[in-house]
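Subject: Structure handover

Hi,

Here is the structure for you to look through. My notes on what turned up in it follow below.

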Amino acid sequence: MASMAAAFIKPSNAFPHSPITFVKTTSPWIQLPISLRIKNNARRRIRVSCGLIDPDGGKLVDLIVDESMRAFKNREALSLPRVKLSRIDLQWVHVLSEGWASPLSGFMRESEFLQTLHFNSLRLHDGSVVNMSVPIVLAIDDAVKTRIGASSKVALFGSDDRPVAILNDIEIYKQPKEERIARTWGTTAPGLPYVDEAIKNAGNWLIGGDLEVIEPIKYHDGLDSFRLSPAQLRNEFISRNADAVFAFQLRNPVHNGHALLMTDTRRRLLDMGYTNPILLLNPLGGYTKADDVPLHWRIKQHQKVLEDGVLDPETTVVSIFPSPMHYAGPTEVQWHAKARINAGANFYIVGRDPAGMGHPTEKRDLYDPDHGKKVLSMAPGLERLNILPFKVAAYDKTQGKMAFFDPSRPQDFLFISGTKMRTLARNKENPPDGFMCPGGWSVLVEYYESLVPANNGRIPKPEAVAA
């Protein structure tokens, strides 16, 4: 089988071997004009002029040490006070290092943390405002704080006891856990997945500073070829002569309703006058809660969607977004949108209850399902991004396929929830023809079959995900 990367993107020689090559300087293509905002006038064909949108702050941040300095920085790290990184901490180092959070240059100091917590934005030195809705912070406990003492820098170590990065010009400040949770999630109810995983048992101090990441973050899980940095993505969009980039984030398998939304968005952009809109299908690849389909299986399912022709490989780039998932609804969806600006997207598709979840203690959604798209349309620092709200798609029994819901004949439509989809797959039952491509559905069934441990007690990972 050809590599998965080849199924989704141009050959690997379209990219530099290191993102440093073209991130350290401001390239001319970053300065092209941004697109016109969509108007609610589908009948009027407008002329458009578009290149890649500027990153927040005007340039893409690259925090990875130049290769010639890596041995020196590695030796320096060994001489510094150490901070051990959790799995989620490492994912945030990855996010920061590649510029997804531009213009952040490292873990937040207190002023950045407070602005994020209270304003969902950061004010830059020139007075401009960029969106930043979730704190990107590193927690330490009392013992680590004592070990750091008066040092102005620390070394960040991975779980394998190897140095990952150096944090310079550090600032240590109190972590107001309750306030952070209340302002990020809008509740302090028990059972919030990210809180339980990354905040509740973390240290009571936060340490901020400027990052120097010694080497590009790799996971060696067969999926690293899908983890394209914002700089690599921009290079890919240019190589495809994209005049618009529309991003779609998901943490679930792609069904034909999703595909309908994506293909219809491309049609709408062509009707507006764009000539080559490119889809960035950008599945979230960081921490997700236990009942979400794991990343390996999602990537394998996405591969089948392209192989079966549901989405066009020529106009689709599939790449993993390395951020952890908060499930913080309208607050978090701003972060998801902001990060895609830095990756070069000037259109963002948003649906029902983005980044939401069920209430952890009550039988209801935690967030109003319409608030995410409303917040995105007026969020500070996202004015340059064109927000594309979902149309409602459902299974049309008269056509035997997914279609946009027609309220004049509701009896003809069947809504298949995520819970229903998972139940069908778990029971090895087939959904209605046209709900999901056969290859994609077979991957989902295979995943639920895999939850029955093998003789060695381990749950297998899918095959055919390595490049």
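Rings of Phe, Tyr and Trp (its six-membered ring) count as a pair if their centres lie within 6.5 Å. With that in mind, look at Trp 92, Trp 100, Phe 321 and Trp 335: they form one aromatic cluster. Please note that this is a predicted model.

First, the overall picture. The protein has 467 residues, and 55% of them count as buried. Its secondary structure comes to 15 helices and 15 strands. Take the contacts with a separation of 6 or more: residues 24 or more positions apart account for 76% of them.

Now the aromatic pairs. A pair of aromatic rings is described by the distance of the centres and the angle of the planes. The count comes to 12 aromatic pairs. One of them joins Tyr 194 and Tyr 287, with 6.3 Å from centre to centre and 65° between the planes. Planes over 60 degrees apart count as edge-to-face, so Tyr 194 and Tyr 287 are an edge-to-face pair. Tyr 194 sits in helix H8 (residues 193-199). Tyr 287 sits in the loop between strand E9 (277-281) and helix H11 (295-307). The two are 93 residues apart, and the pair links distant parts of the chain. Both Tyr 194 and Tyr 287 are buried.

Trp 297 and Tyr 447 make another pair. Their ring centres are 5.7 Å apart and their planes stand at 55°, so this pair is tilted. Trp 297 belongs to helix H11 and Tyr 447 to helix H15 (residues 438-450), so the pair ties together parts that are 150 residues apart in sequence. Trp 297 and Tyr 447 are both buried.

How do H11 and H15 pack? Their axes are 7 Å apart, at an angle of about 160°. Angles over 145 degrees count as roughly antiparallel, so H11 is roughly antiparallel to H15. The crossing of H11 and H15 is right-handed. On the H11 side, the contact is made by Trp 297, Lys 300, Gln 301 and Lys 304. H15 brings Gly 439, Gly 440, Val 443, Glu 446, Tyr 447 and Ser 450. Both members of the tilted pair, Trp 297 and Tyr 447, are thus on this list.

H15 also meets helix H14 (residues 418-426). The axes of H14 and H15 come within 8 Å and cross at roughly 75°. H14 and H15 are therefore roughly perpendicular to each other. From H14, the residues involved are Met 421, Arg 422, Leu 424, Ala 425 and Arg 426. They meet Trp 441, Leu 444, Val 445 and Tyr 448 in H15.

Two lysines lie over aromatic rings. Lys 174 is over the face of Trp 205, at 4.5 Å from the ring centre. Lys 391 is over the face of Phe 404, at 4.9 Å from the ring centre.

Last, Asp 89. Where does Asp 89 lie? It is in helix H4 (residues 87-98). Is Asp 89 buried or exposed? Its relative accessibility is 13%, and buried means under 20%, so Asp 89 counts as buried. Leaving aside neighbours within four places in sequence, Asp 89 is in contact with Lys 84, Phe 107 and Leu 138. Ala 139 is 50 residues from Asp 89 along the chain, and their C-alpha atoms are separated by 8.8 Å.

Best wishes

Notes
Residues are numbered from 1 along each chain as its sequence is written. This is a predicted model: local features need pLDDT of at least 70, side-chain atom pairs count only at pLDDT 80 or more; totals for chains, interfaces and linings use all residues. Side-chain values use heavy atoms; hydrogens and water are left out. Rings of Phe, Tyr and Trp (its six-membered ring) pair if their centres lie within 6.5 Å; planes under 30 degrees apart count as stacked, over 60 as edge-to-face and the rest as tilted. Helices (H or I, at least four residues) and strands (E, at least two) are DSSP runs, numbered from the N terminus. Buried means under 20% relative accessible area, exposed over 50%, partly exposed in between (1.4 Å probe, protein chains only). A charge sits over a ring if NZ of Lys or CZ of Arg is within 6 Å of the ring centre and within 35 degrees of the ring normal. Axes are lines fitted to C-alpha atoms, for helices over the stretch in contact, and angles run from 0 to 180 degrees between N-to-C directions. Angles under 35 degrees count as roughly parallel, over 145 as roughly antiparallel, 65 to 115 as roughly perpendicular and the rest as oblique. A crossing is left-handed if the near helix is turned anticlockwise from the far one by less than a right angle, and right-handed if clockwise. Contact means heavy atoms within 4.5 Å.
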